[in-house]
Amino acid sequence: MSALSAPLPMRTTAAWGGFSDVRIIPHRYGQVSGGLIQYDAGGRVWCWADHACLGIDAVTADGLPVSNWQWRNDIDSNGHAVALVEFDQGQAARANLVATGRGKPHPVTGAVMDSPADVVWDVLANIAGADYARSRLDTFHKDTLARGLAVGGSIDAAESAQTVARSIAACVGAIFSADARGLCQLLAADSTAPERANIGTNCPASAQAGIDQLINDVVLQFDMLDGSPRQSLRMRAPASIQRYGLLAQSIAVPWLQSPRVAFDVAKRLLQQSARPQWRITATVPRADVRIGDTVTIDHPICPLAGKFVVQARSLDLATGAVVVDGVCAIGALPSVELVSQAESFAPQQITVSSTATATARTITLTESGGAPLANAQVTLDGKITRSADQAGRVTFPATYMTPGEHTLDIITADGRAISQTLLVS
Amino acid sequence: MPDEIDRLQFAAALLDDAATLRADAGSSGEGANVSVSLRNGDGAVSQMFALPPLGAAAEIVVDGVTVFAGKVTAIKLDRIATVDLQA
């Protein structure tokens, strides 16, 4: 077992007999896209995950779909289960190969593991080796299941277990703490967690509120690939904007893949953060209050009587008293609205075929729908530029098209810039 | 539901302490701001600010003269309540 603050013991490609460069072999969860790692010297076999997966559904090279591949779960040179993609010919090491698939299966049900509770537990117990029973996450599992909150993502960096768990929890609008009875807890306006303590007149307490804590316009960036979002969603709380001015924030949620889940998370975030909040700090005369517990407060210094969820605590060992921090949102739930939903531009799909004579090679460029790329300007390897004819055909001297890989930089007649790779045998 | 406050006026007689008003037109871009301290031993300020008047217009009046006008940006409630104002 390693400390939750220690880097996760991830395997790297150095564990194999040969490697292109030393990289962490990822763990993948849910429906997720991620880069392939070269597994054999010839570039035919590539690794997607450091475990068996439920399937790989698509592979792209430099953003364009390819079909000359098969996936399989296999055993690597160390006897470790891996998910592999094998191409019918070697792929260039610099090609940006990305596979989209269904990640690690649930150890009991065999279904895709996309419950936030299951993923957090797998990270803590199975990867970090921490001694946590899955049952501690039962309430979180039930709450996220009821809201249909599924996650998908990859662990492909040397992060600690608690960093990963906090990221997963934050992405679905929850908190994670090893201190919490349920490890993770969803932050919802309608929280029904049982009360653990009461802060009365004799407890030192204070409260603070600031306009910099408000958010009334939020952009969630999700469906990440190599750290870049492929989708975003913007929501706002109009009444709050009118009252306090525009207080916008953009938040990356790398474990979210679905617009529906992002909508739920953004809605709860605005319901909490678009209205004033009191951050309450109080001393509780008992030591068994934990993060995630609910405490009630009825104190002359505090502006409102009510309950809040403990988000931080410190224990005074001399007195046994616990100082707790929590947030209490004030006023009616604000109405929120969806402003926009966006996807990154899909890669442009161009088909390239070529025929050769003794002195020249003719390349034919067609759109994915079959229409020729008429009159396109095509630059070969940055050296020579030719114009395509009405049929999308462009001819280069054979001396420029030696066997090997060539780059075509294409400017279409309607101004699109497309880069394409052509292999000449 | 607590009442919403749109405008605050602090008379000198009510203030426990008021920090020096600071204004800077230099390259830092800092605006004029001030913190106002109010006696809150009986919780009266807490009750008045149950719905924190963030963004509300506020001014400090001394001897009938407005010496500062701005908006409420933060509030801290303890035995002494602190209200941060920014022009």
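Below are my notes on the sheet and the strand pairs.

I'm working from a predicted model, where local features need pLDDT of at least 70, side-chain atom pairs count only at pLDDT 80 or more, and totals for chains, interfaces and linings use all residues. Residues are numbered from 1 along each chain as its sequence is written, chains are lettered from A and ligands numbered from 1 in the order in which they are written, and side-chain values use heavy atoms, leaving out hydrogens and water.

**Entry 1, the chain A sheet.** I found an open sheet of 4 strands in chain A, ordered S17-S15-S16-S22, with mixed pairing. (Strands are DSSP runs of E, at least two residues, and helices are runs of H or I, at least four, numbered from the N terminus; two strands pair if DSSP finds at least two bridges between them.) S17 (248–252) and S22 (337–343) of chain A each have a single partner strand, so one side of each lacks a neighbour in the sheet. The twist averages 15 degrees from one strand to the next. (Axes are lines fitted to C-alpha atoms, for helices over the stretch in contact; angles run from 0 to 180 degrees between N-to-C directions.)

S15 (217–225) of chain A runs parallel to S17(A) over 5 bridges, and A:Asp217 has A:Ala248 as its bridge partner. Helix H5 (259–273) of chain A packs on the sheet, touching S15, S16, S17 and S22 (contact: heavy atoms within 4.5 Å), at about 45 degrees to S16(A).

Which strand of chain B does S14 of chain A join? I got S5(B), antiparallel, with 4 bridges; A:Gln208 partners B:Lys76.
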